[in-house]
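Please look over the chain shown below before reading on. The report after it is meant to be read with the structure open.

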Amino acid sequence: MERIDAELFTDGGNDAVVRLPGRRFPGVLIQGDSLHILRSDVAEVVEACERGDLADAGESAGLLLAGLDALLNRYSVALENHQIRRPY
């Protein structure tokens, strides 16, 4: 394990916006349990598609998209608050 100093642009919650040394832009640190939930949500969409249940797949995908939109918004606000242009 290596210890480094990183820049923290938000609180240190489950989706902290941080910049690692040597990186131009910050990233989002997703905790392991949150990553597992995200993976499970994607698997739910895939399974619904495999069953041919497009209504369920669409609903699950919509919830997943809303969560990702919220995460992207948190990232964008953090960059804006620190006068950093978005990398996209």
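What follows describes the chain as a whole, then its sheet, its helices and its core.

This is a predicted model, in which local features need pLDDT of at least 70 and side-chain atom pairs count only at pLDDT 80 or more, while totals for chains, interfaces and linings use all residues. Residues are numbered from 1 along each chain as its sequence is written, and side-chain values use heavy atoms, with hydrogens and water left out.

**The chain as a whole**

The chain has two helices and three strands, and these follow one another along the sequence in the pattern β-β-β-α-α. Helices (H or I, at least four residues) and strands (E, at least two) are DSSP runs, numbered from the N terminus. The radius of gyration of the chain is 16 Å, whereas a compact globule of 88 residues would have one near 12 Å; this radius is taken over C-alpha atoms, and the globule rule is 2.2 Å times the number of residues to the power 0.38. Along the principal axes, the C-alpha atoms fill a box of roughly 45 × 30 × 20 Å. Of the 88 residues, 22% are buried, where buried means under 20% relative accessible area, exposed over 50% and partly exposed in between, with a 1.4 Å probe and protein chains only.

**The sheet**

The three strands form an open sheet in the order β1-β2-β3, with antiparallel pairing; two strands pair if DSSP finds at least two bridges between them. The edge strands are β1 (7-8) and β3 (27-30), each of which pairs on one side only. The two pairings are set out here.

| Strand pair | Bridges | Sense |
|---|---|---|
| β1 and β2 | two bridges | antiparallel |
| β2 and β3 | four bridges | antiparallel |

A hairpin of six residues joins β1 to β2, and within this pairing L8 has V18 of β2 as its bridge partner. On the other pairing, D15 stands opposite I30 in β3. Because four of the five residues of β2 are buried, this strand is largely enclosed by the rest of the structure.

**The helices**

Helix α1 covers residues 32-51, and its 20 residues should span 28 Å at 1.5 Å a residue, which agrees with the 29 Å between its end C-alpha atoms; the expected span is 1.5 Å times one less than the number of residues. The buried residues of α1 are A43, V45 and A48, and what covers them includes α2 (54-81). After α1 comes G52, whose phi is positive, near 80°.

S60 lies in helix α2 and counts as buried because its relative accessibility is 7%. Leaving aside neighbours within four places in sequence, S60 is in contact with E44 and V45, where contact means heavy atoms within 4.5 Å. V45 is also one of the buried residues of α1.

**The core**

The largest nonpolar core has six residues, namely F9, V17, Y75, A78, L79 and I84. Helix α2 gives the most to this core, with three residues. A nonpolar core is a set of buried Ala, Val, Leu, Ile, Met, Phe, Trp, Tyr and Cys residues joined through side-chain atoms within 4.5 Å. Not counting residues up to four places away in sequence, L79 touches V17, P26, I84, R85, R86 and P87.
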